[in-house]
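The exercises below are to be worked with the sequence and the coordinates side by side. Each task is followed by a solution that goes step by step.

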Amino acid sequence: LLLALLWDVSKGKSSSRKASNRSVFLQSLLRMALTHGLVIFLAWIAIRTVEDSNWGKTIRAGKAYRIPWNAVEDENVNYPPSTIPFKTDILFVRHYASDYLASYSRVIDFAHPGNKHWRKQVQSFATGYSALSPALQKHFCKALIDWTATERRFLKQDLYRFWFEVTDIEELSNFCHRELSMASNQLLEALVRQIDSLHSETEFGPFRETAIHSFTIPEYLDHWENRLIPPFATDKPVGASRFVLKQVPKDRKAIFAPLPRVQALSSSQREKPVGSRKTALPPRPEPMPPTPNAWLQEGDRVQARFECNDEGKWYFGEIAAAIPNEASYDINYDDGDQEFLLKQRCVPPADADLPMDAEDSE
């Protein structure tokens, strides 16, 4: 109808040489209505299509990848002390594994300096790792973790997105074993990363609060990951899995065939040692933070500059909480005062070299 009206008006006015101002205004108005109306109509169709999609519905309802949060905090659970990640730390970040994030799924491995260092180490040792026996793999991972922990920390997040240090050697050894196994087999790495993506979907997706996403699917995914990368044997009790798979026939080839073992040399083929040879590893140095306040965590004694003012005095207190998003601490001073969101540069440890005003304020 709009096109027909525009055509009639333009045809009727074309016969007259002089058109009134009203007819010229009407022609211009109709042309603008035609062009702008078509653009607005197409934009409305596009918006409606996006809003009616599942992705649009979850975004509008606020369900897409919200942080899981428990309304009532369990007082019986002893949460580990929180800390602030430093650039040399190695971070366990599972929620970046989703396929929805596309190229950002491994941003921590390539962008964070600590993870970049760990990734280079894993790639340098991955070539011959799969040829080792399980016992040697376990000892190698423990040694690698011990030497890495002298200058770096291994951190991961709890349900409330607070970072804490991982000190369990069994958990760290299995993490090392997982990383080295993935680096030595590209097909295995692709399958395990897909399992990580499915885990991320169950933890942060729109259906994470359902029973099947909270219990059944994660247990099933853990079962398959343990089949692909068997964890090291541990003394801790492990619950029995509900998923039992049939045995693979002997005539069927395995997907991940182990590398051939290196045949040991006979006593006659071995070279005789020349002189005395030391086989013991050098002693492991004590862990040393890169900066005095890099490894501070909740509960540590500190000296803090009040209000982070260059002219302020230093007072002794204790870290009440570490807030990673703000790179700051909440401090409970010894005199009873409290301060929130104090910047990290204004919170050195208590055993650091004390300024003169800090000694006076003690």
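This is a predicted model: local features need pLDDT of at least 70, side-chain atom pairs count only at pLDDT 80 or more; totals for chains, interfaces and linings use all residues.

**Exercise 1.** Leaving aside its neighbours within four places in sequence, which residues is Leu180 in contact with?

*Solution.* Once neighbours within four places in sequence are set aside, the contacts of Leu180 are Val122, Phe125, Ala126, Tyr129, Phe140 and Cys141. The last step concerns accessibility: because buried means under 20% relative accessible area, Leu180, with a value of 0%, is buried.

**Exercise 2.** Determine how helices α5 and α6 are arranged, and describe the setting of Thr148.

*Solution.* Begin with the axes: those of α5 (residues 113–125) and α6 come within 13 Å and cross at roughly 150°. Since an angle over 145 degrees counts as roughly antiparallel, α5 is roughly antiparallel to α6. The crossing in which α5 passes α6 is right-handed. Next, list the residues that meet: α5 supplies Trp118, Gln121 and Phe125, while α6 supplies Phe140, Leu144, Ile145 and Thr148. Sorted by class, this contact holds five nonpolar and two polar residues, with no charged ones.

Now turn to Thr148, which lies in α6, the helix of residues 134–148. Not counting residues up to four places away in sequence, Thr148 touches Trp118 and Gln121, and also Ile90 and Phe154. With a relative accessibility of 4%, Thr148 counts as buried.

**Exercise 3.** Carry out the analysis of the packing of α8 against α9, and state which residues make the contact.

*Solution.* Helix α8 covers residues 186–204 and helix α9 covers residues 211–228; their axes are 10 Å apart, and the packing angle is about 170°. That angle makes α8 roughly antiparallel to α9, and the crossing of α8 past α9 is left-handed. On the α8 side, the contact is made by Leu188, Leu191, Val192, Ile195, Asp196, Leu198, His199, Glu201 and Thr202, and on the α9 side by His213, Ile217, Pro218, Leu221, Asp222, Trp224, Glu225 and Leu228. Divided by class, the residues of this contact are 10 nonpolar, three polar and four charged.

**Exercise 4.** Where do Ala327 and Leu341 lie, and are they buried, partly exposed or exposed?

*Solution.* Take Ala327 to begin with: its phi is near 50°, a positive value in a residue other than glycine. Ala327 sits in the loop between β5 (314–323) and β6 (328–333), and its relative accessible area of 31% makes it partly exposed. Leu341 also has a positive phi, about 55°, although it is not a glycine. The place of Leu341, however, is in strand β7, residues 338–343, and at 47% relative accessibility Leu341 counts as partly exposed.

**Exercise 5.** Describe the chain as a whole, from its secondary structure to its surface and contacts.

*Solution.* Counting elements gives 10 helices and seven strands. Of the 362 residues in the chain, 29% are buried. The accessible surface of the chain is about 25,300 Å², and carbon and sulfur atoms account for 58% of that surface. Finally, among contacts in the chain with a separation of 6 or more, 63% are between residues 24 or more positions apart.

Definitions and conventions. Residues are numbered from 1 along each chain as its sequence is written. Side-chain values use heavy atoms; hydrogens and water are left out. Axes are lines fitted to C-alpha atoms, for helices over the stretch in contact, and angles run from 0 to 180 degrees between N-to-C directions. Helices (H or I, at least four residues) and strands (E, at least two) are DSSP runs, numbered from the N terminus. Angles under 35 degrees count as roughly parallel, over 145 as roughly antiparallel, 65 to 115 as roughly perpendicular and the rest as oblique. A crossing is left-handed if the near helix is turned anticlockwise from the far one by less than a right angle, and right-handed if clockwise. Contact means heavy atoms within 4.5 Å. Ala, Val, Leu, Ile, Met, Phe, Trp, Tyr, Cys and Pro count as nonpolar, Asp, Glu, Lys and Arg as charged, and the others, Gly among them, as polar. Buried means under 20% relative accessible area, exposed over 50%, partly exposed in between (1.4 Å probe, protein chains only). Accessible areas come from the Shrake-Rupley method with a 1.4 Å probe; for residues, only the protein chains shown count as cover.
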